[in-house]
Amino acid sequence: MGRGLHFAVPCPHGIRLTDQQVAELESRPWRAHITEHENWCELQKGHAGPHHSLAQSDEAGDHWIRWTDTAFGTVVLPICPAKGRAEDDIEDTCCLLFEGHEGTHIYEFEDI
Ligand SMILES: [Zn+2]
Ligand SMILES: [Zn+2]
């Protein structure tokens with residue numbers, strides 16, 4: 001493709017939610033996802049800020065779990081507007097991370 005994309009690998013950090021945290025996210029009206037106990041950061045490996053994992057979507061938007069070594073919270077964030085394609089994709093895909101995220105967009109990640 002010759003666009004100079006730097007393919008990235010995802011961050012290896014995960015977080016385990018408590019039953020209460022899962023129940024809270026599962027209790028949202030119009031929820032679009034099953035919330036799992038195990039959640040993995042969806043940003044690029046080596047990012048500087050807090051880890052983020054998409055936990056739930058509902059009429060309010062996308063609920064992201066955001067955590068560091070010492071803090072945990074959920075936050076509603078707008079979706080990243082970027083679209084693009086990986087090396088061997090035939091059509092554009094949406095990024096699906098949140099707007100203003102660190103690192104590369106999801107479609108630039110290597111398949112692992
Ligand atoms: Zn991370
Ligand atoms: Zn993006």
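Here is a walk through this predicted model, from its confidence scores to its sheet, its core and a few single residues.

First, some ground rules. Residues are numbered from 1 along each chain as its sequence is written, while chains are lettered from A and ligands numbered from 1 in the order in which they are written. Since we're looking at a predicted model, local features need pLDDT of at least 70 and side-chain atom pairs count only at pLDDT 80 or more, whereas totals for chains, interfaces and linings use all residues.

So what is pLDDT? It's the predictor's confidence in each residue, from 0 to 100. The protein averages 86, and 91% of the residues score at least 70. Residues 1–5 are another story: their pLDDT is below 50, and beyond near neighbours in sequence this stretch has two contacts in the model. (Two residues are in contact if their C-beta atoms, placed from the backbone, lie within 7 Å.) Where pLDDT is low, the predicted coordinates should not be read in detail.

Now find the open sheet of three strands, with the order β3-β4-β5 and antiparallel pairing. Helices (H or I, at least four residues) and strands (E, at least two) are DSSP runs, numbered from the N terminus, and two strands pair if DSSP finds at least two bridges between them. At the edges sit β3 (51–58) and β5 (72–77), each pairing on one side only. On average, neighbouring strands here are turned by 30° against each other, direction ignored; the axes behind that angle are lines fitted to C-alpha atoms, for helices over the stretch in contact, and angles run from 0 to 180 degrees between N-to-C directions.

Zoom in on β3 and β4 (residues 61–67), which pair in the antiparallel sense over seven bridges. A hairpin of two residues joins them. His 51 has Trp 67 as its bridge partner in β4, and Ser 53 stands opposite Ile 65.

Ser 53 itself is in strand β3. Is Ser 53 buried or exposed? It counts as buried, because it has 21 C-beta neighbours inside 10 Å; the cut-offs are 20 or more other C-beta atoms within 10 Å of its own for buried, 12 or fewer for exposed, and partly exposed in between, with C-beta atoms placed from the backbone. Not counting residues up to four places away in sequence, Ser 53 touches several residues, including Ile 15, Trp 40 and Trp 64.

Next comes the largest nonpolar core, with eight residues: Leu 25, Ala 55, Trp 64, Ile 65, Trp 67, Leu 97, Phe 98 and Ile 106. Such a core is a set of buried Ala, Val, Leu, Ile, Met, Phe, Trp, Tyr and Cys residues joined through C-beta atoms within 7 Å. β4 gives the most to this core, with three residues. In soluble globular proteins, nonpolar side chains tend to be buried together.

Leu 25 brings helix α1 (residues 19–26) into the picture. Leaving aside neighbours within four places in sequence, Leu 25 is in contact with Thr 35, Ala 55, Gln 56 and His 63.

Last stop: Leu 96, in the segment after β7 (93–94). Its phi is near 75°, a positive value in a residue other than glycine. Leu 96 counts as partly exposed because it has 14 C-beta neighbours inside 10 Å.
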